[in-house]
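Subject: Structure handover

Hello,

Here is the structure you were expecting. Please open it alongside this note; what I found follows below.

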Amino acid sequence: MGNFTLKIQERISLEGVERGSDFSQTITGINHTDNRILNTLSGSETTIFSLGDTEGSGQFLTSSLKYARISNYSTNVPVNLKVSSSVEQLNFKIDAGGSFILSTSEITGSILSGSDAVFTYDNISSLKVEPSGSNAKIEYIIATT
């Protein structure tokens, strides 16, 4: 069992003034990590990984997800990240050089009941990417208990 340490450092200089912040988090109890770099083809959808009740090749236990990051290493190709559950799919554009981070296996879309928001979370079942216009290089890392 190990500790997974996440560090985010943000820096900018605007009009001679340095600004930014540092964020650090240690996630304890990590038993497994998986890290891959994939070349994804234009016009095709590539499954990054799946979550479910059993483990297997490219599939991890839903209840064990503690951290996941998907990064687009391309220099000029955005990708569409498709985060799916059993009832819905959410789409996120990851620009070239951008990243997307998950800290939970639960997602929901916004649902309104009158003027009140109603949130019912469902478990993520898969994460897929689809490059826009050309091939893209994607990295993911996942940490589970």
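Start with Glu 139. Its relative accessibility is 9%, so Glu 139 counts as buried (buried is under 20% relative accessible area, exposed over 50%, partly exposed in between, with a 1.4 Å probe and protein chains only). Glu 139 sits in strand β14, residues 136-144. Strands are DSSP runs of E of at least two residues, and helices are runs of H or I of at least four, numbered from the N terminus.

Before going on, two notes on the basis. This is a predicted model, where local features need pLDDT of at least 70 and side-chain atom pairs count only at pLDDT 80 or more, while totals for chains, interfaces and linings use all residues. Residues are numbered from 1 along each chain as its sequence is written, and side-chain values use heavy atoms, leaving out hydrogens and water.

What does the side chain of Glu 139 join in a polar contact? The partner is the side chain of Arg 69, at 3.0 Å. (A polar contact is a pair of N or O atoms within 3.5 Å; within protein, one must be able to donate a hydrogen and the other to accept it, and residues adjacent in sequence count only if both atoms are side-chain atoms.) Setting aside neighbours within four places in sequence, Glu 139 is also in contact (heavy atoms within 4.5 Å) with residues including Asn 35, Ile 37 and Tyr 73.

Now the nonpolar cores. A core is a set of buried Ala, Val, Leu, Ile, Met, Phe, Trp, Tyr and Cys residues joined through side-chain atoms within 4.5 Å. The largest has 23 residues, and Ile 48, Phe 49, Leu 127 and Ile 142 have the most contacts inside it. Strand β14 gives the largest share of this core, 4 residues. A second, separate core has 7 residues, among them Phe 4 and Tyr 67.

Last, the rings. Rings of Phe, Tyr and Trp (its six-membered ring) pair if their centres lie within 6.5 Å; planes under 30 degrees apart are stacked, over 60 edge-to-face, the rest tilted. That gives 4 aromatic pairs. Phe 49 and Phe 60 are edge-to-face, 6.0 Å centre to centre with 80° between the planes. Phe 49 is in β4 (residues 46-52) and Phe 60 in β5 (residues 59-61), 11 residues apart. Both Phe 49 and Phe 60 are buried. Ring pairs link these two and Tyr 140 into a cluster.

Best wishes
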